[in-house]
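Here is a short walk through one protein model, written for someone who likes to look at the residues themselves. Keep the viewer open and follow along.

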Amino acid sequence: MVALLLFAVPGHAELLIRITEGVESAIPVAVVPFKETGDLPAGDGVSDIVRSDLTMSGEFSTLSPEKMLSLPSRGDDVFYRDWKLLGQRYLLVGEVSRQGEQLNARFELFDVNTEERLLGETASSAVGSLRTLAHHISDKVYEAITGVPGAFSTRLAYVTRQMQGGRPLYKLQVSDVDGKRASIRLESREPILSPAWSPDGRRLAYVSFETGNPAIYIHELASGRRTRIASFPGLNSAPAWSPDGRSLLVTLSKDGNAEIYRMDIASRSLTRLTNHWAIDTEAMFGADGESLYFTSDRSGGPQIYVKDDFDAEPRRLTFGSRYNARPRPSGDGKYVYYVHQREGAFHIARTNLETREETVLTRTLLDESPSVAPNGRMLIYATKQDGQSVLTVITSDGGASYTLPASEGDVREPAWSPIIR
C-alpha cells in the first residue's frame, strides 16, 4: 500500500492535555491577563497560553485571574503588597497589540519578594502565530526563573493509529508541546515507527512499512520531500541522528544479524559499529557526540550497553532487572532513561551515569518509547490509560505529570524536538 502524503495538513485530532499530578514544591507565579489592543485572533489569549505552559511544566503553580486583587499591565502599576498577600513568588505582566498583520507583545517579570524586575522585553510575530509568540514568552519566563532554557517552543512528533473501514490507519503528526496545532505529515495503512528529529528541527527520520517491508526515510518538514535512505533486505530500523546532523545510527540485518551501523547521509556509506551474535539495536549518541548507548541481548536478555567511542568495547550499564531497553541519554550527560521491566510491568527508569543509581520514575504499567526534552527537565513516553494508548509527560525526576491522549484513536512513538532557534 503506497502511503498518502499530506504536507502539513492541519489536524482535527489534536492531543488533549490533562494535568494528572503536581508537586507540592511548585513555585507560585501570577500571570496577569495581558492588556489587549486591536483586533486580536479569537481563542486563547497570550497570557492564557503562558499560564498553561508554566503549569504543565510541573515546576510552577499559577494563580487564577479570578483570585487576583489587581490587574496591572506594566511595572509602574504593580503593588507588591497585593501579590505578597496572595503568596506569589513571581509576577508576569504585559500587553499585546496588533498592528496590521503583526502582533507585538511587551512583558515584564518581577520577583515579588525582592520587588526586583527580572525581565523586560518585547517580542513580535505574525497575526496567525499567536501561540508561537506566547510559547516564546513562556520560554523567557522559565529561563529567567530557573536558569534553564524553556522548551515550550519545541514540538512533538508522534504516530496515531485508528481503525477506518475495518483497517488500521497510521498518521505521523507534528504538534506543539501542548498538543495544539497538530498537522499530519504522512498517512499510511502500514505501520510508521521511530520518528527522530534532526538536530536543526527541520527533518524527521522514521521507519515506514508502506512498501510491505521496513525502510528508513528522511522527511523534510517544510517541503514535504521524502528520501528513502535504507531499504536493505531484512531489518531497517531505529534511526537516530548524529549531533551534527550528517549521519544516522541505524539497525540493519542485511548481513544476517541485527547490528548497529553509522550511515553517512550524503554518501550513504555504512560503518559497522557492533559485531556480535546477539541482537544489537536502538542506538543513540551520548551527550558528548562520541559515546554510543544501545540495547543488546548478549547477556541473555535486553540490557543497556555503552561504548565510550566507536572503537571501544561495549560495557553493560543496567543490571536492575531482566529487561532494560530503548536508552535515551540526557543532553547534560548525567542520566540515561529507558524502559525497565519490574514484577511484570514496564516502567520508565533512569540511571545516574556517575553513581550508577537506578530510579524508577513511573507508576503506570505498560510504558514505552521515552523521549527527553531538550532542556532535560521533562520526559515524554507512551503508555496505556483506560485501554487507550496515550502520551504522558513527567518531570525528569518523576515528580509531576500530565497526559496527552489523542481525541481519536491511539497515540504512540513520541519524539521531542530540539530547541529550535
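## Aromatic pairs

The count of aromatic pairs comes to eight, where rings of Phe, Tyr and Trp (its six-membered ring) pair if their centres lie within 6.5 Å, and planes under 30 degrees apart count as stacked, over 60 as edge-to-face and the rest as tilted. One of them is Tyr 80 with Phe 110, an edge-to-face pair at 6.3 Å centre to centre with 75° between the planes. This pair links distant parts of the chain, 30 residues apart: Tyr 80 lies in helix α2 (residues 80–85) and Phe 110 in strand β7 (residues 102–111). Helices (H or I, at least four residues) and strands (E, at least two) are DSSP runs, numbered from the N terminus. Both Tyr 80 and Phe 110 are buried, and buried means under 20% relative accessible area, exposed over 50%, partly exposed in between (1.4 Å probe, protein chains only).

Tyr 323 and Phe 346 form another edge-to-face pair, at 5.2 Å centre to centre and 85° between the planes. Here too distant parts of the chain are linked, 23 residues apart: Tyr 323 is in the loop between β23 (315–316) and β24 (324–329), and Phe 346 is in strand β26 (residues 345–352). Tyr 323 counts as partly exposed because its relative accessibility is 27%, and Phe 346 is partly exposed as well, at 22%.

## About the model

Please bear in mind that this is a predicted model, in which local features need pLDDT of at least 70 and side-chain atom pairs count only at pLDDT 80 or more, while totals for chains, interfaces and linings use all residues. Residues are numbered from 1 along each chain as its sequence is written, and side-chain values use heavy atoms, with hydrogens and water left out.

Helix α3 (residues 130–146) has 17 residues and reaches 24 Å from its first C-alpha to its last, close to the 24 Å expected at 1.5 Å a residue; the expected span is 1.5 Å times one less than the number of residues. Its buried residues include Leu 133, Ile 137, Val 141 and Tyr 142. Tyr 142 also belongs to an aromatic cluster with Phe 60 and Phe 152. Just after α3, Gly 147 takes a positive phi of about 80°.

Which strands make up the open sheet of four? The order is β20-β21-β22-β23, with antiparallel pairing, and two strands pair if DSSP finds at least two bridges between them. The edge strands are β20 (280–285) and β23, each pairing on one side only. Four bridges join β20 and β21 in the antiparallel sense.

Thr 295 is found in strand β21 (residues 292–296), where it is the bridge partner of Thr 281. Is Thr 295 buried or exposed? Thr 295 is buried, because its relative accessible area is 5%. Its side chain makes a polar contact of 2.7 Å with that of Glu 282; a polar contact is a pair of N or O atoms within 3.5 Å, where within protein one must be able to donate a hydrogen and the other to accept it, and residues adjacent in sequence count only if both atoms are side-chain atoms.

## Positive phi in loops

Arg 181 has a positive phi of about 55° although it is not a glycine. Arg 181 is found in the loop between β10 (167–176) and β11 (183–188).
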